[in-house]
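Subject: Structure handover

Dear colleague,

Please find the structure below.

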Amino acid sequence: MKARRVLVLGVQTPFSRGGAERHVRRLTEELVARGVEADLVTLPLVEKQRFDLIRSAAAWRSLDLSEAGGQPVDAVIATRFPTYAARHPNKVVWLIHQYRQAYDQYGTPYSDLTASPEDRRTREVVAEIDRVGLTEARRIFANSQTVAARLLRFNGIRSEALYHPPPLAGRYRGGKLGDTVLWIGRLESWKRPGLLLEALPHAPEARAVFVGGGPDAERLRRRAGELGVAGRVTFRESVDDETLLSLYADARLVAVTASGEDLGYVPLEAFLSGKAVLTTEDAGGPLEFVRDGETGLVVAPRPEALGVALRLAWSRPEALAAMGDAGRRRAAALSWDEPVAKLLGAAGLA
Amino acid sequence: MNANDPLRRLAQERGRILGELGVKPEDARWARAEADALASLVTPAFPLRLPAWVARLARRLARIGR
């Protein structure tokens, strides 16, 4: 059988190793593991001015990806804005997310786009880039129903949700119910780490571990002191994979506080570690897996509500363990076989 | 400078692509930023004043690209 040559297209955020970066690397590896000659192509997206967004899309559009090393490239898999601006006769999109500041985050504190003429044009051009880049694809998948729903709502474009396991699938392990609530992510406003921090005074037994760095790190440390909970809070800017696995295994439960998350690996990682997830009613993607009372606790996005849930988690360990088990069964059903088969099938390379 | 000049061909290509992606002539500041980047390929040590022909070309091509 002729080798199938596929390029995965990803955005590189220099000096960052977020979920999106890990996702495209893992996708490439999974394709290779199934006999596909696959490689990852990335371009950095550095936003110093509005035009950088458009310039980056134009850079992707400028590339000739039809062949590499004198051999044709059979398909490209674009993953997020603006990689899908790339031209290829056999382009498939597996959308991680769009440029959300121009869409659902516009008009919220999480977007720095204003009503200025330049920002208005930026939003219009971002929407045009999405229209041009996405509608010429042979097929569009999204990594969650939340992302698919946004694409339909804001752009009128249909897509199919395609789930996949988190990055360290196969290595997560369970452990006893510990005495910490674990929070993992970038310490920035829309991830709302402050919600959990502000909940701690309402749950005197709970201890919290925050893993991640970001612009809000110092403010959160100060706030922990002001709240009188500094002795119950640990901040760790970054951890290696083995430490991350241990933190999951030793946690009592895992909190996910972001608003309108795309999918979020954290709930799936928590489940595969046998831990229940505490999240909020406006969490977005996590709610596709976290069911209140079944696999976790879903509460209003208020510190008092999270505090009540934490008290419950500390007073009802047996119920918490059962939720973690149910979550593990749910997440264990996910594999790379289905998304890889569907992506290759859409490209006519199955 | 002739029509086959690589920089001119690059400017044409970039102008067409920007137009395809929704950039319009009214986005003069962006066209200028693009022209500035192109001009830097010719005059990397002369960043303050870009050649007028490049700015004109980029604006015109952005219009054509529409």
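In helix α10 of chain A, the buried residues are A:L320, A:M323, A:G324, A:G327 and A:A331. They lie on the same side of α10(A) because they cover an arc of only 100° around the axis; the arc is that of the directions from the helix axis to the C-beta atoms. A residue counts as buried if 20 or more other C-beta atoms lie within 10 Å of its own, as exposed if 12 or fewer do, and as partly exposed in between, with C-beta atoms placed from the backbone. On the other side of α10(A), A:E318 and A:R329 are exposed.

Before going on, two remarks on the source. This is a predicted model, in which local features need pLDDT of at least 70 and side-chain atom pairs count only at pLDDT 80 or more, while totals for chains, interfaces and linings use all residues. Residues are numbered from 1 along each chain as its sequence is written, and chains are lettered from A and ligands numbered from 1 in the order in which they are written.

Helix α10(A) takes in residues 317-332, which is 16 residues, and reaches 22 Å from its first C-alpha to its last, close to the 22 Å expected at 1.5 Å a residue. The expected span is 1.5 Å times one less than the number of residues. Helices (H or I, at least four residues) and strands (E, at least two) are DSSP runs, numbered from the N terminus. The cover over the buried residues of α10(A) includes β12 (253-256), α8 (265-272), β13 (276-280), β14 and α9 of chain A.

Of these, β13(A) is mostly covered, with 5 of its 5 residues buried. A:A276, A:L278 and A:T280 point one way from the strand, and A:V277 and A:T279 the other way. Strands β12(A) and β13(A) run parallel and are joined by 4 bridges; A:A255 stands opposite A:L278.

A:A300 sits in the loop between β14 (296-299) and α9 (303-315) of chain A. Why is A:A300 partly exposed? Because it has 13 other C-beta atoms within 10 Å. Leaving aside neighbours within four places in sequence, A:A300 is in contact (C-beta atoms, placed from the backbone, within 7 Å) with A:T280, A:E281 and A:A305.

Chain A also has an open sheet of 6 strands, in the order β2-β1-β5-β6-β7-β8, with parallel pairing. Two strands pair if DSSP finds at least two bridges between them. β2 (37-44) and β8 (160-161) are the edge strands, each pairing on one side only. Strand β1 (residues 5-12) runs parallel to β2(A), with 8 bridges joining them; A:G10 has A:T42 as its bridge partner.

Now chain B. This chain has 3 helices and 0 strands, and 32% of its 66 residues are buried. Among its contacts between residues at least 6 apart in sequence, 69% join residues at least 24 apart.

Between the chains, 13 residues of chain A are in contact with 11 residues of chain B. On the chain A side, α2 (51-62) and α3 (117-135) are the elements that give two or more residues. That side divides into 8 nonpolar, 1 polar and 4 charged residues, where Ala, Val, Leu, Ile, Met, Phe, Trp, Tyr, Cys and Pro count as nonpolar, Asp, Glu, Lys and Arg as charged, and the others, Gly among them, as polar.

Regards

Definitions and conventions. Two residues are in contact if their C-beta atoms, placed from the backbone, lie within 7 Å.
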